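Student: I am new to this structure and would like a close look at a single part. Could you pick one spot, walk me through it slowly, and then show me what else is there?

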Amino acid sequence: MTTPKSSEPVPAALRVRELMTAGLLAHAISVLCDLRVPDFLDDPRSHTELAKDAAADPEGLLPFLRAACAAGVLDEPTPKVFELTELGRVLRTDSPNSMSKMCSLTCREEFNRTWSHAIHTARTGEPSFSVPHGKSFFEYMADNRDFAALFDKAMVSSAATDNLLASYDFSGARHVVDVGGGRGAMLAAVLQRHPELRGTLLDLPHVVANAEPVLEKAGVADRVTLVPGSFFDPVPESGDVYLLSRVIGNWNDEDSLRILRSVRSAMDTDDRLVIVGQMPSENDRTHYPRQLDLYMFALLGARLRSPDEYQQLFDQVGLTVTDHWNFPDSESVLRARPV
Ligand SMILES: C[S@@+](CC[C@H](N)C(=O)[O-])C[C@H]1O[C@@H](n2cnc3c(N)ncnc32)[C@H](O)[C@@H]1O
């Protein structure tokens, strides 16, 4: 966030006032992403030009653009003319690490409703998502395709594929089973890099139903078997590498153990389990891991776990961690083998 320059210390009440409205900056960025404003900013544009491109009202758009300046993703080099900052460039949909869908997702009404009931989590230790929605997060998604489509696209655009490919050595592997693999972005990248590998993509039916275009685009669809189903049921035994990316972090210990048992039952002694997920570490440079921990708990009743906490779960299902790669900011890859 950029702050106006002044040498005067800011009184505590004004700082708290700013803190309590900081969430509005996130909402402003989310609205601009929904309107695809970052995509229209190849060059500096006036608020009237941007409003025309985005089918918005110029005066209505202006405070959102200025809030985005306060957040540091836009600049206003001359009055009412805006340009993307370096930070803001990741909001474009054509950016290699585009955050556009993630920004739209984070401020969706379902999350806002959840946050307005978050005191339930603090009082009871239970997730708050089901309080306004009457069902759990993943149950709700199965019935709300519009929300599910945005979630799945955000997962595709944010898959931690680079970390996996930079750490895990797939040479010698034959078949990767991606359990809870979403629309298959990570599996597609792994198969693209390793033409000798085959893959299986397991996820809920409404998710797998939309995986084909992602796999086709990567040119790997002919090497992937799609399995619509649940990881609480037996998972395919065809793999020698089992991938759980950003899955165990969504569940409490009891459900995590059920998933790990399903996977462990499918594994032979020489097979490997690879966990990709958020594991806070001393190297973290942003507040994101702490914020995500709160997010996951209020939403799903799940916690970010350290590698040692993963090992405690593994101890109960007959797995042991053999390698751990830690990337900033809390991104990790664990390799485990059966014991
Ligand atoms: C946070 S997303 C991660 C997706 C992908 N692995 C990635 O890293 O981008 C969690 C995934 O778990 C899937 N999931 C939730 N419940 C499931 C179940 N019972 N069986 C299979 N997949 C499930 C969701 O549909 C979603 O795709």
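**A close look at one histidine**

Tutor: Let us begin with His175, which is found in strand S4 (residues 175–179); strands here are DSSP runs of E with at least two residues, helices are runs of H or I with at least four, and both are numbered from the N terminus. Please keep in mind that this is a predicted model, where local features need pLDDT of at least 70, side-chain atom pairs count only at pLDDT 80 or more, and totals for chains, interfaces and linings use all residues. Residues are numbered from 1 along each chain as its sequence is written, and side-chain values use heavy atoms, with hydrogens and water left out.

With a relative accessible area of 13%, His175 is buried; that word means under 20%, while exposed means over 50% and partly exposed lies in between, using a 1.4 Å probe and protein chains only. Setting aside neighbours within four places in sequence, His175 is in contact with Leu197, Arg198, Gly199, Thr200, Ser238, Gly239, Asp240 and Val241, where contact means heavy atoms within 4.5 Å. With one of these, Thr200, the His175 side chain makes a side-chain to side-chain polar contact at 2.7 Å. Such a contact is a pair of N or O atoms within 3.5 Å; within protein, one must be able to donate a hydrogen and the other to accept it, and residues adjacent in sequence count only if both atoms are side-chain atoms.

Now let us turn to the ligand. It is surrounded by 17 residues, the closest being Gly180, Asp203, Phe231, Ser245 and Arg246; a residue counts if one of its heavy atoms lies within 4 Å. A backbone N or O atom of Gly180 is 2.8 Å from a ligand nitrogen atom. Ser245 has a polar side-chain atom 2.7 Å from an oxygen atom of the ligand, and a polar side-chain atom of Arg246 also lies 2.7 Å from a ligand oxygen atom. The protein covers 95% of the 590 Å² of accessible area that the ligand has on its own, by the Shrake-Rupley method with a 1.4 Å probe.

Another element to find is helix H12 (residues 185–193): seven of its nine residues are buried, so the helix is largely enclosed by the rest of the structure. The buried ones are Ala185, Met186, Leu187, Ala188, Ala189, Val190 and Leu191.

Finally, look at Phe129, in the loop between helix H7 (119–124) and helix H8 (130–133). Phe129 counts as buried, because its relative accessibility is 1%.
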